[in-house]
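Welcome! Take a moment to turn the structure around on your screen before reading on. The notes below will guide you through it topic by topic.

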Number of protein chains: 2
Amino acid sequence: MDRSALNDMTYGLFVLGAMDGARPVGCVVNTVVQLTSEPVTVGVSVNHNNYTNECIKKTGLFSVSILSEEVPMETIAAFGFQSGRNTDKFAGMKSRMKQPGVPVLSENICGTLVCRVVESMELSTHTLFIAEVMDAERAKVPLPPLTYAYYLKVKNGTVPKNAPTYIPSEKKEHYDCSVCGFRYDDGEGPLEFLPAGWTCPRCGSPKDAMEKGT
Amino acid sequence: MDRSALNDMTYGLFVLGAMDGARPVGCVVNTVVQLTSEPVTVGVSVNHNNYTNECIKKTGLFSVSILSEEVPMETIAAFGFQSGRNTDKFAGMKSRMKQPGVPVLSENICGTLVCRVVESMELSTHTLFIAEVMDAERAKVPLPPLTYAYYLKVKNGTVPKNAPTYIPSEKKEHYDCSVCGFRYDDGEGPLEFLPAGWTCPRCGSPKDAMEKGT
């Protein structure tokens, strides 16, 4: 089986938004697809390890911000390569709330959806949510949608460990903290995409203290 | 709700293949997505009206041919705009069988998958099949995958009534048979995409007898 054949499947890139109580959370996914047109339903596969998954299960609500090609890599990194369990991913982003209470991005997007979960299915590593689209809004200025291929080829993006398209056998780079020896696995996303304020989770040293491992 | 926002979601285009006894059947879909990486599973939404849906349910097997940009519109028309109930859609196509017995296209594709259904979910108009990928093969010559956006914008493709992305309120053109008055609804696909041998289902007149309605 040549798993690389799966790389030719086409996807967009999206930020899912949900609420953890009064706190907005979110993550990047590539798997939002329309499933039916009457009523309008979409499906999305979200990794069990994603904090957003838990929050969607609790509230039954999520938003989809359809990313445009112009979206900065920092936005994708903020939503895709850190956990919302202890980080406010929407901090510093231009965002707003949509009825009945889900956060969406308000720049570098083609449009947004507000979705209510109607069914879900537990798969090996992901939950597949089926949701009815309660509201859909298109950006005032039409922008080209960001495709996964464009993200990988033009923006030189990488595939995080939680993505369904992640290839486990792929050799990953790692970094070691020069202060405490903590190993950062590149499978979580390249070190340079981590936000400027990121610190070693073990000793608190700044990002500069991380050295490429061999 | 502005349904046009859903148009900015990105998809590929695929031919699903399945068996109806000893006869190959197939249809065009835009909704194949990878759902998990361990094991490799994919999801696909197939309209209840699609004959391929029935055949997949009976056999639990289907193939995915990932279409490339070079694929002629006639191929898409043959698989997308007629029913396999009484037509051999693979006739005249370069195709082959893959183990354990599913038909795939063998030209104008990026690669193929062989899939075994592990779960399915009935939605309003579509069945969502969840399937384990048993085999994946990439074309020897890398080709750019056909995206749904490229199909619509560059190839001037239309959205058939059975697609999840079909917008029911959209005004469709129609054609009337000049011999018997049979009305052909463009929602099934534009008349020019129908194969050369297509005849009026009521009186058997050739395609030339159809006149654009007002």
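Here is a short briefing on the confidence, symmetry, contact, strands, core and helices of this structure.

Please keep in mind that this is a predicted model. Superposing chain A on chain B takes a rotation of 180° with 0.0 Å of shift along the axis. The contact between the chains draws 47 residues from chain A and 47 residues from chain B.

**How confident is the prediction?**

- The mean pLDDT of chain A is 88, and 93% of its residues reach 70 or more.
- Among the elements of chain A, strand E5 (residues 61-67) has the highest mean pLDDT, 98.
- For the complex, the predictor gives an ipTM of 0.77 and a pTM of 0.79.

**How the two copies are related**

- As a general idea, two copies of a chain are related by a rotation about an axis and a shift along it.
- Here the rotation is 180° and the shift is 0.0 Å, and chain A then superposes on chain B with an RMSD of 0.2 Å.
- The two copies are therefore related as by a two-fold rotation axis.
- The same surface serves both copies, as 100% of the contact residues of chain A recur in chain B.
- To find the axis on your screen, look for Tyr11(A): of the residues of chain A, its C-alpha comes closest to the rotation axis, at 2.7 Å.

**Where the chains touch**

- The contact takes in 47 residues of chain A and 47 residues of chain B.
- On the side of chain A that touches chain B, the elements giving two or more residues are strands E3 (33-37), E4, E8 and E9 of chain A.
- E9(A) provides the largest share of that side, with 7 residues.
- By type, the residues on that side of chain A are 23 nonpolar, 16 polar and 8 charged.

**Strands around E9 of chain A**

- Strand E9 (residues 126-138) of chain A pairs with strand E4 (residues 40-47) of chain A in the antiparallel sense, over 7 bridges.
- One place to look is Asn47(A), which stands opposite His126(A) in E9(A).
- E9(A) also pairs with strand E8 (residues 109-122) of chain A, again in the antiparallel sense, over 11 bridges.
- In this pairing, Gly111(A) has Arg138(A) of E9(A) as its bridge partner.
- A hairpin links E8(A) to E9(A) through 3 residues.

**The nonpolar core**

- In soluble globular proteins, nonpolar side chains tend to be buried together.
- The largest nonpolar core of this model holds 106 residues.
- Which of these residues touch the most other members? They are Phe14(A), Leu16(A), Ala18(A), Phe14(B), Leu16(B) and Ala18(B).
- Leaving aside residues up to four places away in sequence, Phe14(B) touches Val29(B), Val32(B), Val64(B), Ser65(B), Ile66(B) and Leu67(B).

- Helix H2 (residues 73-80) of chain A is mostly covered, with 6 of its 8 residues buried.
- The buried residues of H2(A) are Thr75(A), Ile76(A), Ala77(A), Ala78(A), Phe79(A) and Gly80(A).
- Their cover includes strand E1 (14-20) and strand E2 (23-29) of chain A.
- Why is helix H2 (residues 73-80) of chain B described as largely enclosed by the rest of the structure? Because 6 of its 8 residues are buried.
- Those buried in H2(B) are Thr75(B), Ile76(B), Ala77(B), Ala78(B), Phe79(B) and Gly80(B).
- The buried residues of H2(B) pack against strand E1 (14-20) and strand E2 (23-29) of chain B.

Methods: Residues are numbered from 1 along each chain as its sequence is written. Chains are lettered from A and ligands numbered from 1 in the order in which they are written. This is a predicted model: local features need pLDDT of at least 70, side-chain atom pairs count only at pLDDT 80 or more; totals for chains, interfaces and linings use all residues. Two strands pair if DSSP finds at least two bridges between them. Helices (H or I, at least four residues) and strands (E, at least two) are DSSP runs, numbered from the N terminus. Two residues are in contact if their C-beta atoms, placed from the backbone, lie within 7 Å. Ala, Val, Leu, Ile, Met, Phe, Trp, Tyr, Cys and Pro count as nonpolar, Asp, Glu, Lys and Arg as charged, and the others, Gly among them, as polar. Copies are superposed by least squares on the C-alpha atoms of residues with pLDDT of at least 70 in both. A nonpolar core is a set of buried Ala, Val, Leu, Ile, Met, Phe, Trp, Tyr and Cys residues joined through C-beta atoms within 7 Å. A residue is buried if 20 or more other C-beta atoms lie within 10 Å of its own, exposed if 12 or fewer, and partly exposed in between; C-beta atoms are placed from the backbone. pLDDT is the predictor's confidence in each residue, from 0 to 100.
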